[in-house]
Amino acid sequence: MASTSHIDIGGLEERLRAEVDGEIRFDSGSRAAYSTDASNYRVVPIGVVVPRTVDAAADAIRVCRQFDVPVLSRGGGTTLSGQTTNAAVVIDWTKYCNRLISVDVEARTCVVEPGILLDDLNAQLAEHELQFGPQPGSHGQCSLGGMIGNNSCGATAQKYGKTADNVRRLEIVTYDGMRCWVGPTTDDELAEIVQEGGRRGEVYRQLVELRDRCADEVRRQFPDIPRRVSGYNLDWLLPEHGFDVARMLVGSEGSLVAVLRAELDLVPVPEARALVVFGFPDIVEAASAVPEVLEHCDPVMLEGFSGELTDLMRPQHMYLDNLSLFPDGYGWLMVQVGAATPDEANAELDRLMSGLGKSPDDPDVAVARERSEMAKILMAREAGFGAAYRPPGMSEGWNGWEDSAVPPDRLGEYLSDLFDLYERVGYERPALFGHFGHGCVHTLSPFRLRTPSGLRQMREFMFAAADLVAHYGGSVSGEHGDGRARSELLEHMFGKDIVRAFTELKAIFDPFQRMNPGIIVSPDRVDEHIRIGPDFRPAHPQSSFQFPDDQGDFTTAVSRCVGIGRCRTSTGGVMCPSYMVTGEEEHSTRGRSRLLFEMMQGHDDSAIDDGWRSEAVKDALDLCLSCKGCKSDCPVSVDMATYKAEFLSHHYAGRLRPAAHYSMGWLPVLSRLVQIAPQLANTAMRTRGLADVAKRLGGIAPERKAPEFARQSFQDWWRHRRVTEPVPGQPGAVVLWPDSFTNYFQPQVAQAAVLLLEDAGFRVAVPTRPVCCGLTWISTGQLKTAQRMLRRSLDVLQPWIEAETPVIGLEPSCTAVFRSDARDLFPNDEQVQRLQNLTMTLSEALTKQVPLPGWTPPQVDRSAVVQTHCHQHAIMGFGADEELMRRAGIDADVLDSGCCGLAGNFGFEKGHYDVSMACAERVLFPALRAAPQDTLVLADGFSCRTQITQGLTDREPRHLAEVLAAALRPRD
């Protein structure tokens with residue numbers, strides 16, 4: 001990697017700001033956020049440019065050329081090979097340059113900008129019943145520009161081929177400013193271009209000379225397999241392939257040109273699909289069966305999945321329901337077929353099973369004919385790789401040798417020899433899956449990157465593996481490209497002459513060696529720039545949270561993120577709400593993890609050098625809603641809400657905090673004080689002048705209305721009810737937790753819950769002393785106070801905990817504290833562990849622990865739109881709620897809306913209102929506006945109900961307890 005010490009950084013930044021229509025970022029936070037991708041590698045960039053148009057991106061490259069500065073084009077940054085991290089000016093195309101420009105339905109083509117995400121493109125194409133065929137596992141966050149850069153494939157490449165097979169033309173720009181469209185070229189067109197001269201003519205002339213000189217060697221040395229993704233695609237320049245410069249450039253990893261626009265071939269969306277899973281004693285036998293499967297069908301996808309992966313998933317409780325759909329075996333093949341009608345798809349599946357002598361009734365066969373069932377199986381396949389990254393109690397899994405490919409008919413032999421190599425080098429056998437129909441294997445290796453001897457061992461393995469794959473006529477990369485992980489191995493695969501031709505090709509397009517240098521040509525060593533290598537020496541600070549799943553260490557916890565980028569999706573799931581509305585890398589879970597990682601100063605060139613006092617880290621975390629969506633949705637269970645709380649605890653230690661930390665963080669105490677005169681407080685907050693002053697002093701967004709306090713708290717209502725409470729250990733006894741939000745603001749929810757629980761035969765007890773789970777102090781990083789509050793509540797609950805009495809929570813965020821945060825604060829406290837196991841939601845109690853024989857919930861018989869609280873999604877799950885609603889006759893439309901946007905104190909804090917409302921407007925508010933007025937609106941979270949009430953005044957959201965209690969009928 002070339003030195004950047006000669007660069008006039010200040011002059012470069014000034015010129016970019018003056019001449020480029022885009023966001024120019026040379027701050028430490030931005031550089032930290034882009035320092036790594038999803039690979040093992042880390043290089044801090046010079047700066048970041050987020051162009052608003054593709055023309056602006058071309059301008060940025062022009063300015064970089066004037067300052068002799070390297071350029072790196074970056075899409076979703078989801079690569080596992082390290083080609084999107086470099087000492088360069090990073091151009092991030094995804095925020096603005098993400099349009100679908102045109103669609104030609106008849107020709108089945110479209111023109112796109114490079115920053116468009118694959119799932120977004122296919123969603124826009126759905127009305128035309130078309131799609132882009134290749135679909136990598138990162139389809140929710142990978143961009144088309146990144147797919148073109150890597151020649152991405154995915155499972156559906158079995159049917160539709162690699163990205164290169166689906167690209168028709170590209171508009172490109174070179175480092176020295178040549179801008180043109182390229183594609184297949186006839187002999188006449190080629191002669192005309194060369195004759196025209198100029199930079200384009202010279203490029204084409206040199207390409208012709210290179211082709212003619214190397215054609216025979218290319219035909220000899222390029223592996224004839226479906227998944228050769230390594231090196232440059234010189235084979236597309238051959239006469240038999242039409243001198244296709246566009247397809248030749250696909251897979252060049254930004255090292256030759258930047259892509260401004262792309263014309264893509266599209267395929268029809270299959271009307272129907274069906275899937276069968278075959279079980280085998282091990283993954284080698286499964287791989288050996290691939291040729292026979294291909295003899296009997298032309299699948300959309302043919303995937304392999306090893307038993308070692310399920311062994312890693314089950315202890316982590318990952319997708320257990322999905323795994324239950326797998327048949328007997330310890331290695332599996334998943335075969336999906338597509339057809340015009342369900343009958344045709346099922347008939348093809350039946351022919352396949354018949355040809356293999358199999359039946360749906362066999363214990364080693366599982367058939368899925370419904371899309372929902374297929375989706376669950378494939379979701380387990382996609383999620384399995386995440387389980388291998390950080391398996392508890394086992395060696396970490398690392399990229400590097402994660403996507404080799406061989407001829408499919410030799411896959412079984414290759415895997416057997418590969419496992420022998422792992423054993424010979426001294427590694428345990430890895431878990432793996434892969435696109436077996438194309439001979440592509442995805443595996444994470446137990447490299448020991450943190451020591452010099454471990455790096456030497458990794459290097460020895462990589463070169464031995466390259467020789468092995470070359471022996472089988474395969475490719476060191478069958479999916480993710482070469483990048484930093486495998487560029488150094490190309491000579492072992494192709495030989496010296498072809499690698500020399502790659503160098504010549506690089507010189508034709510990039511004579512100054514400034515486009516993503518060190519990738520493919522003149523590569524850095526595979527063991528250089530390792531993110532967590534021997535030179536990584538981070539701080540290990542004392543922390544309030546104990547991070548029991550990360551060796552009790554904050555630094556280990558923030559290093560958990562491997563950069564897969566699932567948090568960068570624009571639709572679906574809970575993670576990451578602020579990224580979904582801002583499109584900013586720093587506002588993704590991954591981006592924030594990167595800044596925290598840099599903050600720990602594990603490297604001499606760390607982009608963040610002011611530790612816990614870092615304003616860059618604080619700003620990145622400021623828009624984190626602490627929704628905990630990442631804890632469940634992230635493949636490696638990053639818990640940014642906890643990291644944020646820990647950071648805030650240190651950042652404000654010994655310093656004055658923001659006003660909202662006092663007004664919102666101490667809300668339980670303030671609410672208790674207000675009970676002296678709640679109506680007076682409500683009147684004051686409705687009086688304009690007083691309310692404005694109070695919000696300004698409390699750091700509350702001026703656009704927000706303060707929720708009204710109840711005239712009587714739930715605990716006060718309970719005292720006046722004068723019922724005989726059960727004693728600890730009494731059959732049917734439960735403790736109903738009086739969280740601060742329900743207790744002081746909406747006690748009718750708890751009152752309804754009491755009626756329901758009693759109707760079901762429970763004996764209800766309610767703590768009458770002031771109690772609090774500590775949530776508001778946790779979310780504002782006042783962790784010492786949170787610990788004290790938790791201790792007091794544990795003292796109150798102690799006799800009930802000792803008697804193993806269930807504790808029922810009504811507010812999901814408070815329930816989640818008992819189920820998760822308390823254990824993270826006190827991992828070795830037996831009382832906390834018991835409370836964790838005893839705490840349940842109202843729905844869990846009413847579906848799993850009802851003491852009254854034959855009890856059924858009251859029948860509501862209505863439709864409902866349901867907003868799931870983020871913490872419930874992440875910690876408790878929503879299955880019991882869905883079951884309870886089903887039993888009650890509620891036709892529930894559970895929205896895939898993510899966070900409502902209020903998220904406790906977040907949406908009330910000054911400066912957050914716009915992001916908060918944008919989160920709600922993404923899915924939740926439009927869905928509620930579209931719902932008929934007689935449709936119930938259910939939201940168990942106080943924040944969710946508040947957001948809906950303040951954003952849509954014509955809808956009345958209710959807790960499920962209220963709706964069920966209202967439908968109660970007298971029992972005989």
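Predicted model: local features only at pLDDT ≥ 70, side-chain atom pairs only at ≥ 80, totals over all residues.
Trainee: Switching to strands. Which face of β9 is covered and which is uncovered?
Mentor: In β9, residues 179-182, Cys 180 and Val 182 make up the covered face, while Arg 179 and Trp 181 are on the uncovered one. In a regular strand, side chains alternate between the two faces of the sheet.

Trainee: How many bridges join β8 to β9?
Mentor: Four, and the two strands run antiparallel. β8 covers residues 167-173. Val 182 turns up again here, as the bridge partner of Leu 170.

Trainee: What about the hairpin of β8 and β9, which residue there takes a positive phi?
Mentor: Gly 177, with phi near 100 degrees. The hairpin has five residues between its strands.

Trainee: New topic: in what order do the strands of the open sheet come?
Mentor: The order is β23-β22-β24-β25, four strands with parallel pairing. β23 (890-894) and β25 (957-958) are at the edges with a single partner strand each, so one side of each has no neighbour in the sheet.

Trainee: How many bridges join β22 to β23?
Mentor: Five, with β22 spanning residues 862-867. Ala 864 has Ala 892 in β23 as its bridge partner.

Key. Residues numbered from 1 in each chain as written. Heavy atoms only, no water. Buried < 20%, exposed > 50% of the residue type's maximum accessible area, 1.4 Å probe, protein only. Pairing = 2+ DSSP bridges.
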